Amino acid sequence: MTPDPVSPPAGRAALPHPELAAMLLADGRLPVGGHTQSSGLEPALLGGLAEGDIPGLVQTRLCTVVRVEAAVAVVTRHHVLAGLPLQPVQDAWAARTPSEVSRAASVAVGRGQRRLALRLWPGSAAATSLADLPTPCRPVAVGAMAAAAGLDAARTARLVAYDDVQTLCAAALKLCPLDPADATAWLLDAGAAVEEVVSAVAHLTEPRAVPAPAAPLLEQWQHHHPTHPRRLFSA
C-alpha cells in the first residue's frame, strides 16, 4: 500500500483546527447547492416510503451510497496529496453510480464545490487537480477540498457520512410533519453506522478499491424524481 502523504498542499494554509474545516464543509448553509439535496429522501417518499421507515433509509444509505461516496472522497484526498490524477477516481465513482440522474445531481453540486475550492485554495494541489476536472462529482470535490483544508482520511470519510445523514434529516423537517427532536435523534442514532463507514474506507488509496454495494430501489426512486410535478429538492 502506498503511504498516505501527510504534508499540507501548497497554496492557502490549512485551517488551524481540522474540526473547523470539517464543520465548514459539512454545513448545509455553504452556498454550493447542498441545500437543494435531500439525500434521496424526497424521491423515496414520492416512491412510497413511509415516514416511519426514514431511519431505515438512513441506515441503508450508509451501507450503500454513502459508503461509495466516502470511499471516493478518501481516495480523492490521497490522489491530490500524492499528485495523482483525479479522473480515475471519478470513473470509479461513475461505474458505481449507474443512474444518470444520480450522477447528474452529484455533478451539479460538485461543480459548485469545485468553484469554491479554486477560490479558497488557489495554487494548491487541490486546485491544480480540480482544474483538470471541470465536472467533478460531489465526493471527488469534497475529497479535494478535504486535502486542501488539512483533513485526514478518517475526518474526510466522517464528513461525507455525516453530511448525508444531516442533509436527509434536515430535508425530513420540510417534507414531513415531524418533531425536530425526532430528526435529531435519527442523526445521533446513526453515529455507530457512520463510524463503521469511516473504519471501512479510511485506509483506501486506490480507485479500484472503492466498494460497489448495490441500492437498486434507491436508484429507481431517484430516477423517477426529476419528472415528478411536485418536488422541493433536486435530488
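1. A contact here means heavy atoms within 4.5 Å. On that basis, residues 24 or more positions apart account for 80% of the contacts in the protein chain with a separation of 6 or more.

2. On provenance: this is a predicted model, in which local features need pLDDT of at least 70 and side-chain atom pairs count only at pLDDT 80 or more, while totals for chains, interfaces and linings use all residues. Residues are numbered from 1 along each chain as its sequence is written, and side-chain values use heavy atoms, with hydrogens and water left out.

3. The protein chain has 12 helices and zero strands, where helices (H or I, at least four residues) and strands (E, at least two) are DSSP runs numbered from the N terminus. Along the sequence the pattern reads α-α-α-α-α-α-α-α-α-α-α-α.

4. Of the 235 residues in the protein chain, 49% are buried. Buried means under 20% relative accessible area, exposed over 50%, and partly exposed in between, with a 1.4 Å probe and protein chains only.

5. The largest nonpolar core holds 66 residues, and Leu41, Leu62, Val165 and Val201 have the most contacts inside it. Such a core is a set of buried Ala, Val, Leu, Ile, Met, Phe, Trp, Tyr and Cys residues joined through side-chain atoms within 4.5 Å. In soluble globular proteins, nonpolar side chains tend to be buried together. Leaving aside residues up to four places away in sequence, Val165 touches Val58, Leu62, Leu187, Ala190 and Val194.

6. Which residues lie nearest the centre of the second largest pocket? They are Arg158, Leu159, Tyr162, Val194 and Glu195, from a lining of 13 residues. Two or more lining residues come from each of α1 (18-26), α9 (153-175), α10 (180-189) and α11 (191-201). The lining divides into eight nonpolar, one polar and four charged residues; Ala, Val, Leu, Ile, Met, Phe, Trp, Tyr, Cys and Pro count as nonpolar, Asp, Glu, Lys and Arg as charged, and the others, Gly among them, as polar.

7. The space in this second largest pocket is about 240 Å³. A pocket is an open set of points on a 1 Å grid over the protein atoms alone, where a 1.4 Å probe fits, with protein on both sides within 12 Å along at least five of seven lines; lining residues have an atom within 4 Å of a point. Points are joined across faces, edges and corners, and the volume is the space filled by probe spheres set on them.

8. Thr64 sits in the loop between α3 and α4 (65-82) and is buried, at 9% relative accessible area. Beyond residues up to four places away in sequence, Thr64 touches Pro213, Ala214, Ala215 and Leu218. The C-alpha atoms of Thr64 and Ala214 are separated by 6.3 Å, although the two are 150 residues apart along the chain.

9. Pro43 belongs to helix α2 (residues 41-46) and is buried, at 3% relative accessibility. Pro43 and Glu219 are 176 residues apart in sequence and 9.3 Å apart from C-alpha to C-alpha. Gly47, in the loop between α2 and α3 (54-63), is partly exposed at 45%.

10. Cysteines: Cys169 is buried at 3% relative accessible area, and Cys176 is buried at 7%. The structure holds zero disulfides, a disulfide being a pair of cysteine sulfur atoms within 2.5 Å.
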